[in-house]
Amino acid sequence: MSDPAVRLKPGRERSVLQRHPWLFSGAIAGVDGSPALGDTVDVLDARGMWLARGAFSPNSQIRVRLWTWDPAESVDEEFFARRLDQSIGRRRSLLASGETNACREVHAESDGLPGVIVDRYTSFRAVQLLSAGAERWRAVIVQALAARADVDGIYERSDVSVRELEGLSERTGRLWGEEPPAATVIQEAGARYQVDIRAGQKTGFYLDQREHRRLARQGMEGAEVLNAFAYTGGFTVTALQGGARSVLSIDSSAEALEMARENVGLNGLSTEACQWSVADAFTELRRLRDRAARFDAIVLDPPRFAATAAQADRAARGYKDINLLAFKLLRPGGRLFTFSCSGGISPELFEKIVAGAALDAQVQAAILQWLGQPSDHPVVLSFPEGRYLKGLVCQRLA
Ligand code: SAH
């Protein structure tokens, strides 16, 4: 029995040949057979030549997400076991280094598994199934993960709105094994953090900022630090470990800051040096500016302002605003660690926004470092859309 197939319009095979994993509805001339949500379809060019196979999503703009470009590779239990194995294997050296016991084990498109996210928190796995194809193979993916020796429990965190675009509703809950506790303690580069896998943001922790949290330990001796968008205090902890005299942490989430406070204690650090502000960071930064507050180091790690390039304008204004305020709050010689996780804002655009912010703040500043994604959040070369996180370490000169 042959799989259903989608036939492309003439000349629209280019992206498939270049191994881009997304096939948009506009490229498709017709569908043979009647594939259901998430079913595997063959992709044929206008002359009927086989190009790839992927998961069909009848209501999404991204009509097919490609699983394979190899005609001999079928999409079945073995396929998922193999891809998961390879992806997890690529993290072996990161985990073996002892640097961390938490990492992203599967980063969706960039690991050959569109729509599949697996985050490891010691012996628990948090899973997001974001596409029709991922959903279709849910049981197989869970089974393959459960078969691994180092897994005690698998928990689903598919409570993300992108599922709607695929015709799927949000889902959370235990998928297999033990239910994770309210706080799973992970260790990362000499720090320990509690992670709420069941109800924390994303899958519980911002694993993608691991290297930057470690970086923020440097040069903190005696510093007065502002950590805006602090979440559970990742940068608060490392700044204190680096010898910061004080850290003011701002976040709009009271629960996040409560866990941040606990994380400070968990690392044997004194909360006396800490101030906590449950507030909107935009408002709070303005208030600090009006009070003429000054800091030696500032971390700006806001949530995603723009998912797509279409939302880039509004996002750019948001970034400009907070970076401008941050430059004003920075002492001469002070450093700004500023980030954007908006896929719709390119690294070049982000740099321009930050440069504009310094100019408008009438501050001379230099870029000391360009920051990006860690190795467990790779960007496969055929899928530049996988690049979302960028950061700059800037220093105020005068
Ligand atoms: N730096 C953190 C991750 C930050 S994620 C870490 O290393 O773990 C972004 C944070 O911004 C979230 O905790 C979210 O609650 C918070 N947030 C979102 N909008 C906000 C706003 N307007 N003001 C303050 N905090 C906000």
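1. The expected span of a helix is 1.5 Å times one less than its number of residues. In this predicted model, helix α12 covers residues 347-360, which makes 14 residues. From its first C-alpha to its last, α12 reaches 20 Å, close to the 20 Å expected at 1.5 Å a residue.

2. The buried residues of α12 are to be considered next. They are Phe350, Ile353, Val354, Gly356, Ala357 and Ala358. An α-helix has 3.6 residues a turn, so residues three or four places apart point the same way. The cover over the buried residues of α12 includes α11 (312-329), β18 (330-340) and β20 (390-396). After α12 comes Gln362, which has a positive phi, near 60 degrees.

3. The domain assignment divides the protein chain into domain 1 (5-68), domain 2 (77-177) and domain 3 (206-396). Between domain 1 and domain 2, the contact draws on 16 residues from domain 1 and 17 residues from domain 2. The centres of these two domains, taken over C-alpha atoms, are separated by 24 Å.

4. How much area is buried between domain 1 and domain 2? The value is about 1100 Å², and carbon and sulfur atoms give 59% of this area. On the side of domain 1, Leu37, Arg65 and Trp67 lose the most area to domain 2; together they account for 54% of what that side buries.

5. The polar side of this interface also deserves a remark. Three salt bridges are found across the interface of domain 1 and domain 2, and six residue pairs are in polar contact there, both residues of each pair being at pLDDT 80 or more. In domain 1, β5 (50-56) and β6 (62-68) each supply at least two residues of the side that touches domain 2. The largest share of that side, five residues, comes from β6. Separately, the side chains of Arg136 and Asp39 form a salt bridge, with 3.6 Å from N to O.

6. Not counting residues up to four places away in sequence, His212 touches Phe235, Phe339, Leu371, Gly372 and Leu389. With Gly372 there is a particular approach: the side chain of His212 reaches the backbone oxygen of Gly372 at 3.4 Å.

Definitions and conventions: Residues are numbered from 1 along each chain as its sequence is written. This is a predicted model: local features need pLDDT of at least 70, side-chain atom pairs count only at pLDDT 80 or more; totals for chains, interfaces and linings use all residues. Side-chain values use heavy atoms; hydrogens and water are left out. Helices (H or I, at least four residues) and strands (E, at least two) are DSSP runs, numbered from the N terminus. Buried means under 20% relative accessible area, exposed over 50%, partly exposed in between (1.4 Å probe, protein chains only). Contact means heavy atoms within 4.5 Å. Domain bounds come from an automatic or database domain assignment. Buried area is the accessible area (1.4 Å probe) that two parts lose on being put together, summed over both. A salt bridge is a side-chain nitrogen of Lys or Arg within 4 Å of a carboxyl oxygen of Asp or Glu. A polar contact is a pair of N or O atoms within 3.5 Å; within protein, one must be able to donate a hydrogen and the other to accept it, and residues adjacent in sequence count only if both atoms are side-chain atoms.
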